[in-house]
Amino acid sequence: MITQPQTSPVPDPYEERLRIQTARLLAYRDDGPLVMALRDKMGPGLPPVPAALAALLAIVAIGVTGMLDEGFVLLVPVLVMVVLVLPTAARDHLGKLDWLMPPLIRTTEFLTIILIGLAADAPKWLLFVLIYVIGYHTYDTVYRTRQSIWPPDWVFKAGLGWELRLLLIGAGAAFDVLTWVLAALTLYLGVLFAIESVTSWVRLDKQSALTQAGDDLEASPEEAMEQATGEAEPA
């Protein structure tokens, strides 16, 4: 009995584009293990952009009114962001304005770090270095995904995500150990993101070199000479 070969269905281009768009936006959010654990348990969640804007405006209002002093009140901006932004992870991020979510999350995260750090009188240079490390991780993620190179999931979990980073910073400020928390967090994240990024790009370069070498071996002598000299051999 002759059986027909099974052919895998060709993915719909529109559906594939939406899938990639969603995956990229979720990667740019830089959600950590807490968000990942609760994402499927929050029902429909909150509309992403309105909730993120509300969190940003609320934290700006907290900073402008000067309510951040010392003690557990320093946890307030962190809790505001977690309560409003965490439920947005349940959405598919396919709305026309949902591309705004990653910059809104980064802006709110950085603003919260600065406000808490200044209120707790943490070293300003340490705040700058921490923000730089997180910004580098964000840039590396964006650049990789645009080259269709996806960072592994464990990087986002090990990087703690915006939610655990802010909770650690808020708790450190509340218990008056913010400088030590910032120093440990900056060192840990700097080493993690730098080593993982460098090793990933080195591995990619080696794979590209091996692929190029394989192509060169399959090429004819005339093609190899043409690639080397840039001139075709006369017939």
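Predicted model: local features only at pLDDT ≥ 70, side-chain atom pairs only at ≥ 80, totals over all residues.
1. Basis. Local features require pLDDT of at least 70 and side-chain atom pairs pLDDT 80 or more, while totals for chains, interfaces and linings use all residues. Numbering starts from 1 along each chain as its sequence is written, and side-chain values use heavy atoms, without hydrogens and water.

2. Cavity. One cavity of 30 Å³ or more is present (on a 1 Å grid over the protein atoms alone, a set of points where a 1.4 Å probe fits but cannot get out; lining residues have an atom within 4 Å of a point). Helix 6 (124-146) and helix 1 (13-29) each supply at least two lining residues (helices are DSSP runs of H or I, at least four residues), and helix 6 gives the most, with three. Among the lining residues are Asp30, Arg106, His137 and Phe156.

3. Pocket. The largest pocket (an open set with protein on both sides within 12 Å along at least five of seven lines) holds about 230 Å³ of space. Helix 1 and helix 7 (153-158) each give two or more residues to its lining, which includes Met36, Arg39, Trp150 and Lys157.

4. Asp98. This residue lies in the loop between helix 4 (76-85) and helix 5 (101-119). Asp98 is buried (under 20% relative accessible area, 1.4 Å probe, protein chains only) yet has no salt bridge (a side-chain nitrogen of Lys or Arg within 4 Å of a carboxyl oxygen of Asp or Glu). The nearest side chain of opposite charge, Arg91, is 6.9 Å away. The Asp98 side chain does reach the backbone nitrogen of Gly95, at 2.9 Å.

Terms used: Points joined across faces, edges and corners; volume = space filled by probe spheres on them. Buried < 20%, exposed > 50% of the residue type's maximum accessible area, 1.4 Å probe, protein only. Lys, Arg positive; Asp, Glu negative; His and termini not counted. Polar contact = N/O pair within 3.5 Å; in protein donor to acceptor, adjacent residues only side chain to side chain.
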